[in-house]
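Here is a short report on one helix, its packing and a residue in the loop after it.

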Amino acid sequence: MPLVRIDLARGKTEHYRHTIGEVIYDAMVATLNVPANDRFQIIAEHADNDFIIDRTYLGIERTDDVIVIQVTLNAGRTIELKRAFYKAIADGLHERLEIRREDVFISLIEVVKENWSFGNGEAQYA
């Protein structure tokens with residue numbers, strides 16, 4: 001049930017964008033116990049003046065290729081699972097697309113199950 005928003009600089013290829021989505025989905029299944037076929041992703045590209053990311057926050061050197069990944073998901077996963085998830089994404093993007101690990105910014109938004117409706121105006125998990 002995670003909803004993933006992926007934001008990146010404009011001008012990336014379809015293969016690049018698709019591979020980012022695959023890496024994130026694979027990491028969710030492998031580390032967060034997300035079931036198969038539970039893939040909801042929105043990928044948005046932004047012009048330079050609409051994509052403002054601090055280059056050195058917390059001493060991490062970021063480039064123009066930074067990717068912002070925001071995942072809304074059910075609350076309750078442990079810190080260990082979250083750390084494994086962050087690492088799986090950073091490692092996977094580095095291995096498959098040569099994205100620097102420093103350029104992978106991830107934010108989780110945890111919600112309770114009744115905050116989801118997957119269609120039909122129903123709260124399927126309430």
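Contact here means heavy atoms within 4.5 Å. The model is predicted.

By that criterion, the buried residues of α2 pack against α1 (14-31), β3 (67-74) and β4. Those buried residues are Lys82, Phe85, Ile89, Ala90, Asp91, Gly92, Leu93 and Leu97. Just after α2, Glu98 takes a positive phi of about 60°.

Next, the core. The largest nonpolar core has 24 residues. Ile20, Met28, Ile67, Ile69, Phe85, Ile89 and Leu93 touch the most other members. Two or more residues come from each of β1 (3-9), α1, β3, α2 and β4. The biggest contribution is from α1, with seven residues. In soluble globular proteins, nonpolar side chains tend to be buried together.

Two residues show what lies around them.

| Residue | Residues touched, beyond four places in sequence |
|---|---|
| Ile89 | Val23, Ile24, Ala27, Ile69, Val104 and Ile106 |
| Asp103 | Glu61, Arg62, Thr63, Asp65, Val66 and Ile67 |

Where is Asp103 found? Asp103 sits in the loop between α2 (79-97) and β4 (104-111). Is Asp103 buried or exposed? Asp103 is buried, because its relative accessible area is 1% and buried means under 20%. The side chains of Asp103 and Thr63 are joined by a polar contact of 2.5 Å.

Note on methods:
Residues numbered from 1 in each chain as written. Predicted model: local features only at pLDDT ≥ 70, side-chain atom pairs only at ≥ 80, totals over all residues. Heavy atoms only, no water. Helix = DSSP H or I, 4+ residues; strand = E, 2+ residues; numbered from the N terminus. Buried < 20%, exposed > 50% of the residue type's maximum accessible area, 1.4 Å probe, protein only. Polar contact = N/O pair within 3.5 Å; in protein donor to acceptor, adjacent residues only side chain to side chain. Core = buried A, V, L, I, M, F, W, Y, C linked by side-chain atoms within 4.5 Å.
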